[in-house]
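Please view the model first.

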Amino acid sequence: MEKITQRLVSWASQLDDGAREQAIVSSTMPFIHPHIALMPDAHLGLGATVGSVIPTLGAVMPAAVGVDIGCGMIALHTQLTADDLPADKRPLRLDIERVVPASKGGINKRITHEHTQARVAQLEAQAERDDVDPDSYAGQWRMQLGSLGSGNHFIELCLDESDEVWIFLHSGSRGVGNKIAQHHIKVAQEWCRRAYVSLPHRDLAYLVEGTDEFWAYIRAMRWAQSFALLNREEMMDRVVACVARWLDREVEQRELVNTHHNYTEQETHFGRQVWVSRKGAISARAGETGLIPGSMGTASYVVRGLGNPVALHSSPHGAGRAHSRTRARQLFSQEQLREAMAGIEFRDSAALIDEIPAAYKPIDQVMADSRELVEVRHTLRQVVNVKGD
């Protein structure tokens, strides 16, 4: 751990100057208590650094939660082993791509599954109970449930160190969560302007606990978290059905883990109740199971939290970008992507060059930096990868 300032500590051995300066600026906000904790995967983000844990007293900065509210991971440990899997895995990938809408703007054409209808009804009931109007943010949110998105979101079939099969996927609250976040970032900026608050950066605008604007954001943010969690469950149900069709046998559940890495929640740290915003970080209380994915083509990890108090009981959420998407497309080729994905069934597309493993920090280094935060339960390697453009 490096103590950068009195209010900023870091576990990132690889931290570029831009992310470091951004985190220092965020740590000067007057309501930080006791300090911001940077995770090993920290990199430059909107307003606040991705891979940061930000505890605040009596205020929340919507941009410090992130624009993909509730984004996270879900992993299902099955009874299957490598010996149960056919050599040709392309049919499974194509079936998953058929039943799970992917890419930016991808939505369902219709809602047919009973489990999808039940989850939509659950979200409608929560919205009514909590006085949230998701239709005012994105009228098509019902059709987005069960969709993957693009960027670093993925669906994977993996094998652990014992050659047992896991289904692993990464996604969030899709367009509706993004619209909720963008709306309340603007509300916070306007609130600070009206209150004559001088901000070191406009994306560090905040809402003060007790105001109508604050609680409106918290209610909408919590609804988006629920959407993200149910969205992952919905996709998992569909992928499990794909695997069952492919193998012509039932897929049993041994363990299921579903965790956010873009959210805020009230917790007690260093003697005070604070709002802990984990932007690209996961909760890692002592004994708590978490998920840390690598990039496509590298290992992912099922971990157990160590409850490190200085890290605010947190750990990284993944590898963290080393190069921007634009820079990655300049540096790497489709042939290099093929080489990095050797032995893994994936869609061989130039559109995925910016997701090449070399565009990310080495996951092995991230995990080495995390040794005070988590311990590894399982190491997963991909055999099938599905991503949106």
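## Cysteines

Cys 242 counts as buried, at 1% relative accessibility. This is a predicted model. Cys 158 is buried too, with a relative accessible area of 0%.

The structure holds zero disulfides. A disulfide needs the sulfur atoms within 2.5 Å.

## Nonpolar cores

The largest nonpolar core has 48 residues. Leu 38, Met 61, Val 176, Ile 180, Tyr 206 and Trp 223 touch the most other members. Several elements each supply at least two residues of this core, including helix H1 (17–27), strand S3 (36–43), helix H4 (114–129), helix H6 (174–194) and helix H7 (212–247). H7 gives the most, with nine residues.

Val 176 has contacts beyond its neighbours within four places in sequence. These are with Pro 134, Tyr 137, Ala 138, Trp 141, Gln 144, Trp 223 and Phe 227. A second, separate core has 34 residues. Among them are Ile 292, Leu 337, Tyr 360 and Leu 373.

## Helices H3 and H7

Helix H3 (residues 90–99) packs with H7 at an angle of about 145°. Their axes are 9 Å apart. The crossing is right-handed.

H3 contributes Pro 91, Leu 92, Asp 95, Ile 96, Arg 98 and Val 99 to the contact. H7 contributes Arg 238, Val 239, Cys 242, Val 243, Arg 245 and Trp 246. By class, the contact has eight nonpolar residues, four charged and no polar.

Definitions and conventions:
Residues numbered from 1 in each chain as written. Predicted model: local features only at pLDDT ≥ 70, side-chain atom pairs only at ≥ 80, totals over all residues. Heavy atoms only, no water. Core = buried A, V, L, I, M, F, W, Y, C linked by side-chain atoms within 4.5 Å. Buried < 20%, exposed > 50% of the residue type's maximum accessible area, 1.4 Å probe, protein only. Helix = DSSP H or I, 4+ residues; strand = E, 2+ residues; numbered from the N terminus. Contact = heavy atoms within 4.5 Å. Axes fitted to C-alpha atoms, helices over the stretch in contact; angles between N-to-C directions. Left-handed = near helix turned anticlockwise from the far one by under 90°. Nonpolar A, V, L, I, M, F, W, Y, C, P; charged D, E, K, R; others polar.
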